[in-house]
Amino acid sequence: MLAAEEIQEALNLSSGWFLDNLWLVGLIPAIGFALIMGFGKKMPNGGSEFGLASMVASLVVATGAGLQWMNRVDSAEEAGHGGDEAIGLLQTFGRSVPRAAEGAEAAPFIEPVLTTWVWWQNSGLEFGIGSLGDGLAILLLWLVAFISLLVQIFSLDYVRDDRRYTQFFGALTLFSAGMLVMVMAPNMIQLILGWEIMGLCSFMLIGHWWEDHENSKAALKAFFTVRVGDVGLLVGTAIIYFASSDWIAVNLPGKSGFDIDAIQAWALSGDSSASGAAILVAATALFIACIGKSGQFPLHTWLPDAMAGPTPVSSLLHSSTMVVAGVFLVARIYPVFWEGFNIANGGLSFIAMIGAITIVIAALLAFVQDDIKKVLAYSTVSQLGYMMLGLGTGAWLPAVFHIFTHAFFKCCLFLCAGSISHSGSHHSFDMKKDMGGLRKHMPITFWSWIVSTLALTGVIPFAGFWSKDEIIDNVGNNGYTFLFWVGLGGAALTAMYMTRATYLTFFGEARGAAAGGHHDDDHGGHGDEHDLTLEEHELELATVGAPLGSDHADGGAPKSLGAAANAHGGHHDDHGPHESGKLITIPIVILAFFALTAGFANPTPLAGDALGFNLGEGVELIKKYVEPGHEPVALDAVTPGGPGESLTPFVPQFAEEGEGGKDAYASGCGRTTPPDGAVCFFPKVKHAVPELGKILLSLAVVAVGYTFAIGFCLAFYKRRDSRLVGLTERSRLANAGYKFIVNKYYLDYLYENVIVRAVAHPISAAAYWFNQHVLDATVDAVGEGGKRSGQWIYDNVDQKIVDGAVNTSGAVASETGRGLQSTQSGKVNQYGALIFGAAAVGAIVLVIINVG
Amino acid sequence: MLAANFLLLAALLFCIGVFGVIARRNAVMVLMSIELVLSSVNLNLIAFALMNDDVDGQVFALFVIAIAAAEVGVGLAMVLLIYRNRQSISLDELSELKG
């Protein structure tokens with residue numbers, strides 16, 4: 001016999017202090033924000049110490065929770081594979097028992113650690129606040145805390161001496177807090193709270209240098225564009241609440257239609273309320289919110305403008321917070337989208353289409369940007385498109401994995417861009433004007449940039465390869481052949497635009513500020529006006545063959561930056577480019593290290609084999625610890641937690657075998673309806689079996705992209721006086737191709753002239769005709785009739801009766817006012833006398849009444 | 001009767017206070033007079049509490065004292081500002097509320 005404790009131990013999943021107190025991860029930065037705002041100005045370092053300390057503390061808790069979560073998953077596995085004796089004992093306790101996993105198919109659902117308190121109550125509805133600790137949440141919590149910490153360290157130097165240093169750190173910390181609160185949200189209300197905190201903070205941070213009109217416009221644009229999508233979030237949440245509450249009240253008493261776990265279970269329940277129009281509309285509305293937040297087509301326009309903010313903000317915004325929030329929302333309540341868009345049966349979902357469009361549109365736009373941060377911004381949009389594509393085609397795990405890896409290398413790239421502008425190009429982000437040849441001056445930044453670029457473009461063995469190729473592979477495996485090729489094409493485009501950016505920044509001859517010259521324009525860099533001058537410039541370059549940047553970067557006349565947007569203009573006395581300080585390079589190097597290694601958190605086993613080292617079966621850590629199990633869970637095992645209490649942990653278990661039970665086991669949640677008395681929390685997603693051919697294909701595509709781009713860069717930017725230049729005048733074909741590039745691939749032309757003329761103009765013409773001939777005629781007739789009857793009413797009713805009454809009352813009020821005017825003497829004593837006189841009269845009346 | 005004496009004293013204080021409010025021209029003196037009025041009210045409250053053998057009135061008086069303190073604080077602040085602006089606290093000259 002086992003002792004009682006051992007039985008209890010066998011029944012319980014392991015937990016731990018960090019897991020139980022996961023809510024601290026979000027709370028600590030929130031307190032940090034309050035401290036910065038309250039006492040920051042008085043601190044020696046302007047409050048940044050609070051921000052850093054809170055991020056360190058959050059990171060510690062998140063790391064601890066991550067380790068304990070891994071323990072928990074392992075403990076479940078041990079219980080599942082436990083000996084016969086233990087299973088026999090467990091059965092005597094009246095609980096169904098996990099069946100030993102049969103092959104790799106069995107994926108027990110590991111219960112998340114849920115901690116909630118009642119936040120507020122409203123007419124019997126309780127809104128909780130707390131934390132939902134499962135693999136996805138903990139992975140992102142750790143990621144956000146880690147990236148935020150590095151970005152804050154970077155900011156120490158980058159925004160030193162900024163005029164709003166304290167506010168900057170306050171907003172940065174609150175921003176992280178918002179994301180953390182959102183990620184750990186156990187219900188939609190808390191999720192919306194975090195979501196909106198981030199929206200507010202992005203507004204504050206993008207408009208950090210709001211004295212410049214462009215910046216405040218960009219901040220407003222970001223805020224309002226995202227708000228357009230936010231309406232979808234509210235609508236979707238409300239629809240889900242009302243559609244699900246009946247089912248939840250019956251099956252999961254104690255939960256409400258706002259609880260995320262309840263929503264997941266409801267969406268996969270196969271109930272009639274969770275199929276059909278309601279869930280489709282809800283999923284669409286929620287995805288519109290994600291389009292706004294994650295910068296998907298067609299609401300991606302705010303993201304490049306958001307580059308107006310300080311670089312650390314762009315870095316944080318584009319790696320682990322804000323834009324990832326939309327992807328996270330889809331991943332978080334994935335069952336809703338799974339059922340709503342019918343992903344299980346290979347429907348071409350809204351999400352996948354938007355994702356695929358975004359990949360291509362954004363990648364093409366990245367080619368024509370001269371602002372290094374805007375190239376990265378469009379790159380982010382494109383990569384978010386990959387994540388959405390993955391989620392929309394059932395590749396949940398690769399999409400989440402791509403969030404993880406993308407955060408490292410994109411954050412690193414942005415910080416490199418910040419480092420370049422800080423020390424290399426004198427606060428300019430213009431690649432054509434103020435950069436070039438920087439690799440000699442900034443070796444650390446250069447090599448970190450190269451590592452991250454290789455990671456972004458998906459070169460083995462860097463991080464991006466493992467995640468992006470897994471997405472593409474799974475998209476193809478799930479039957480979306482066309483989208484598979486779109487993804488591959490996007491990968492080639494990525495390689496090309498990153499090569500262009502790398503070449504312009506680090507290779508070739510030094511131009512403008514990178515060559516040591518100061519320029520005295522106002523660091524605009526974000527306006528259309530600026531782009532225009534560069535186009536002209538490029539034209540000039542190609543036709544005349546003038547050195548790049550010679551006419552714009554005035555080599556002499558170093559001028560004090562004065563009131564330029566960056567407040568730290570004055571302290572660069574050494575005019576040439578140089579490597580940044582340690583506070584800037586250390587975060588970059590750490591991130592570059594992760595850009596190199598993060599992929600090994602979930603490597604494809606076969607890819608390792610192909611490379612000649614055996615990675616084994618257990619290497620897919622993200623798959624093992626983050627992806628929720630897809631097996632049905634008996635209802636009696638789902639115990640709602642009370643206020644402030646953790647749920648009683650339980651052993652993951654199968655529903656009773658019976659009608660449907662076997663099928664459910666064979667097919668998994670989301671592919672068949674769970675049996676009676678059981679619920680599902682996560683659909684069974686397919687995983688592609690990696691093939692060597694596909695891996696080689698994707699690598700070949702990237703290689704082709706690189707070769708082409710390098711060749712183009714060398715021919716066009718370096719040997720600019722050779723064939724290409726004359727070609728544009730000699731050959732009509734080359735001229736057409738050249739114009740095609742100069743005119744931003746005619747995308748603007750397409751948007752403004754073709755689409756607007758061809759689509760909008762006929763529509764508006766037709767609408768105008770309809771308006772003039774049909775609507776106006778009706779309106780005219782109605783109007784004429786209305787006018788006549790109105791005239792009659794005016795003459796008889798209005799003038800005589802209504803106006804009479806109005807005039808009389810007005811006259812009465814006016815006369816009364818005039819009569820009382822004399823009492824308004826303005827003399828306090830007189831007022832006092834009136835008050836006391838009135839009180840005396842009142843007292844006398846009271847006395848008389850009471851006596852009488 | 002003892003309580004009647006209290007009430008008489010309260011009435012006397014009240015009358016002096018009202019007279020001060022109406023007749024005085026100095027804003028500080030008006031504020032002081034208002035304090036007298038409030039004191040008389042307190043005295044009444046305590047006297048009635050005594051008569052009815054009920055502690056509520058005394059508690060209420062404590063609240064009145066607290067509020068009176070706040071009120072005189074606000075009043076003095078206003079007087080100070082008025083003095084700074086006009087170099088005078090004579091209420092006769094203040095007729096900006098005239099309608």
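This report describes a predicted model of a complex of chain A and chain B.

## Confidence of the prediction

For the complex as a whole, the predictor gives an ipTM of 0.72 and a pTM of 0.68. Chain B has an average pLDDT of 88, and 95% of its residues score at least 70. For chain A the mean pLDDT is 74, with 74% of the residues at 70 or more.

Two stretches of chain A call for separate mention. Over residues 81-105 of chain A the pLDDT stays under 50, and the model has 31 contacts beyond four places in sequence for this stretch. Residues 519-574 of chain A also have a pLDDT below 50, with 81 contacts in the model beyond near neighbours in sequence.

## Overall composition of the chains

Chain A contains 32 helices and 4 strands. Of its 852 residues, 50% count as buried. Among the contacts in chain A with a separation of 6 or more, 77% are accounted for by residues 24 or more positions apart.

Chain B has 3 helices and 0 strands, and its pattern along the sequence is α-α-α. Chain B comprises 99 residues, of which 17% count as buried. When contacts in chain B between residues at least 6 apart in sequence are considered, 47% of them join residues at least 24 apart.

## Enclosed helices of chain A

Helix α7 of chain A, residues 165-183, has 19 residues. From its first C-alpha to its last, α7(A) reaches 27 Å, close to the 27 Å expected at 1.5 Å a residue. Because 18 of its 19 residues are buried, α7(A) is largely enclosed by the rest of the structure.

Helix α13 of chain A, residues 311-319, is mostly covered, with 9 of its 9 residues buried. The buried residues of α13(A) include A:Thr311, A:Pro312, A:Val313, A:Leu316 and A:His318. Their packing partners in chain A are α6 (135-158), α7, α8 (188-206), α14 (323-332), α17 and α18.

## The α17-α18 helix pair

Two packed helices are described by the angle between their axes and the distance between the axes. For helix α17 (residues 372-392) and helix α18 (residues 396-424) of chain A, the axes come within 9 Å and cross at roughly 175°. That angle makes α17(A) roughly antiparallel to α18(A).

On the α17(A) side, the residues that meet α18(A) include A:Ile372, A:Leu376, A:Tyr386, A:Met387 and A:Leu391. Among those contributed by α18(A) are A:Trp396, A:His402, A:Ile403, A:Leu413 and A:Phe414. By class, the residues of the contact of α17(A) with α18(A) divide into 12 nonpolar, 5 polar and 2 charged.

In helix α16 of chain A, residues 350-367, lies A:Met353. A:Met353 is partly exposed, with 15 other C-beta atoms within 10 Å. The C-alpha atoms of A:Met353 and A:Leu389 are 7.2 Å apart in space, although the two residues are 36 residues apart in sequence.

## Contact between the chains

The contact takes 10 residues from chain A and 11 residues from chain B. Helix α32 of chain A, residues 828-851, supplies 5 residues, the largest share of the side of chain A that touches chain B. That side has 3 nonpolar, 6 polar and 1 charged residues.

B:Val21, in helix α1 (residues 2-23) of chain B, is in contact with residues of both chains: leaving aside neighbours within four places in sequence, these are A:Asn829, A:Gly832, B:Val30, B:Ser33 and B:Ile34. B:Val21 is buried, with 23 other C-beta atoms within 10 Å. The C-alpha atoms of B:Val21 and B:Ser33 are 5.7 Å apart in space, for a separation of 12 residues in sequence.

## Positive phi values in chain B

B:Asp53 has a phi near 55°, a positive value in a residue other than glycine. B:Asp53 lies in the loop between α2 (27-52) and α3 (56-86) of chain B, and is exposed, with 6 other C-beta atoms within 10 Å.

For B:Gln87, phi is likewise near 55° and positive in a residue other than glycine. B:Gln87 is placed in the segment after α3 of chain B. With 7 C-beta neighbours inside 10 Å, B:Gln87 counts as exposed.

Definitions and conventions
Residues numbered from 1 in each chain as written. Chains lettered and ligands numbered in written order. Predicted model: local features only at pLDDT ≥ 70, side-chain atom pairs only at ≥ 80, totals over all residues. Contact = placed C-beta atoms within 7 Å. Helix = DSSP H or I, 4+ residues; strand = E, 2+ residues; numbered from the N terminus. Nonpolar A, V, L, I, M, F, W, Y, C, P; charged D, E, K, R; others polar. pLDDT = per-residue confidence, 0-100. Expected span 1.5 Å × (residues − 1). Buried ≥ 20, exposed ≤ 12 C-beta atoms within 10 Å, placed from the backbone. Axes fitted to C-alpha atoms, helices over the stretch in contact; angles between N-to-C directions. Parallel < 35°, antiparallel > 145°, perpendicular 65-115°, else oblique.
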